[in-house]
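Please look at the sequence and the structure shown below. The paragraphs after them go through the contact between two chains, then the parts of one chain.

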Amino acid sequence: MSNIGLILSIAVIVGGLLWLTIRSLSGREVERRIIFLFIGIAVSIPLLFDITFSEKATPIVKGIYDKIENLPSGSRILISFDYGPSMAPEVEPMSNAFVRHSLAKDHKVVIMGLWATGQSLGASAVENVIKSEFPDKVDGVDYINIGYKAGNQGVLNVIITDFRKMYATDVNGVDLDSVEIFKGIRSLKDMDLMISVGGGFPGIKEWVLFAADPGNIPLAGGSAAVSTPLLYPYYPKQLIGLLGGIKGAAEYESEMKKNYPRFADMPTPGIKMMGPQTLAHMVVMAFIIIGNLSFFFAKRKKSDG
Amino acid sequence: MKRQVPVVITFVVGTVLILSVFFPPAERMGEDFSIFFDIIAVFAFFLGGGNLLRIHAGKIYKKRKDWGFSVVTICGFGIMMMAGLFKLWNPGGIAADVAATGSLFQLMYDWIFNPLGASMYALLAFYVASASYRAFRAKNIDATILLIAAFVILLGRTPLGMYATSWIPESFSIMQIPNLAIWIMVSPNLAGQRAIMIGIALGVVSMSLRLILGVERTYLGVDNE
């Protein structure tokens, strides 16, 4: 079924693009709605026919995977949900994979957010990943959601010296002093690893500037593809690894599937979305070529006379 | 007085925050000022909410163009705020997490806000494709280099890049498209980004000094003197 879908989608796209190329060579511009139609086809057919590709983790992704893998069981990992619904389809697969991997290694997970919208997304991760896949894990013992506080990087400025000055309770109103997971945690400096998932402000950059660097705490990140190039300067010194866009999420998921038999049937939205992304990239490239062909032919026509 | 008080506050806060980084005795004051900042930041929500209501209520009252959308905005704002403030349908009651499963707030977040936000962002793919077709032309050498780099990155971000160039021997693996894409990101991109970041950092230092010393006063709504 997957092969039929792949052949069908490529046939439709290639045939259509050839037709557009011929039209362009005769000097006719491609209408915007035709471009939209092609992108629509390119992203929907792989989803309908479940077309997926194999992925291999690159060093920048493997850096995070290995860090979580090599930390001793019971290590404290903080995952910050620094994004909103608009970015969620791209970065949520990353945060879910980090939560899943950390709990599978029996680490203690602290969930928080520098974005107001992050609290609900953190709650979704608790509900959809922790409670459904790790029913033996206990809230307050193995994981905790301390939610969102206003203040952007100001929050980091405070919790780098004392969590309790900013967070007196978790999202359910439970005193942090009474939960087991927070015993021995005073500040961010007591974390073994911090991971910020996002792509806007405040985000990974603020975590580097106000927490990881001053506190000398290992930091990893997962960001939307559009903001990933801006974060490369921090790798590998300030960031131990970085997941960039859907591709980064897909690489991480494939690494987990490869090494953990229990994750063979786990949801892999990152890998699934690589199909539409691959075909959409092909279509965009084809349109760039068509645009340039039409540009050069128009230029030649003009110079000929 | 109206100008001098904010300038003095800016000077004191700015100086203490700088000192708190370098002198441990001032660290505590730096922390306290950060907490003050976080408390003040909460009030921005009131300001934002009030502003939203003022602008959209005015639009509805004067029946300006597309005032119907303002009705939807105010209704959405009001309903979501009530659901969050009073924790409506929250299984854990008023003390529970605002985003608890089953609460009206989380239901609206999951089934309305989340898909709407994602749909808006997804529209970008369509506009990027259209813009690429119209704007990405090899008009000169600079544009051609940019075009080639974009092609390598686009291919490198998909498995096709690996399939297409996997035949290249390991000794020339840098020529494989995914590796070329990584090279573009970690060499030319990195160099450019670092240069921009250092430039911005120097600009921030200079602007901060101007603010702390009271040279820059445009944030008070007055011209520099």
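In this predicted model, 46 residues of chain B are in contact with 52 residues of chain A, where contact means that the C-beta atoms of two residues, placed from the backbone, lie within 7 Å. On the chain B side, two or more residues each come from helices H2 (27–61), H4 (104–135), H5 (141–156), H6 (159–165), H7 (177–186) and H8 (188–212) of chain B. Helices here are DSSP runs of H or I with at least four residues, numbered from the N terminus. H4(B) gives the most to this side, with 16 residues. By kind, the chain B residues that touch chain A divide into 28 nonpolar, 11 polar and 7 charged. Ala, Val, Leu, Ile, Met, Phe, Trp, Tyr, Cys and Pro count as nonpolar, Asp, Glu, Lys and Arg as charged, and the others, Gly among them, as polar.

Chain A is assigned domain 1 (2–51 + 270–304) and domain 2 (59–267), with bounds from an automatic or database domain assignment. The C-alpha centres of these two domains of chain A lie 38 Å apart. Their contact takes 5 residues from domain 1 of chain A and 8 residues from domain 2 of chain A. On the domain 1 side of chain A, the residues that touch domain 2 are 3 nonpolar, 2 polar and no charged.

H9(A) bends by about 25 degrees at Gly275(A), and the proline Pro276(A) follows within four residues. The bend is the angle between axes fitted to the seven residues ending at a residue and the seven starting there.

Residues are numbered from 1 along each chain as its sequence is written, and chains are lettered from A and ligands numbered from 1 in the order in which they are written. As the model is predicted, local features need pLDDT of at least 70 and side-chain atom pairs count only at pLDDT 80 or more, while totals for chains, interfaces and linings use all residues.
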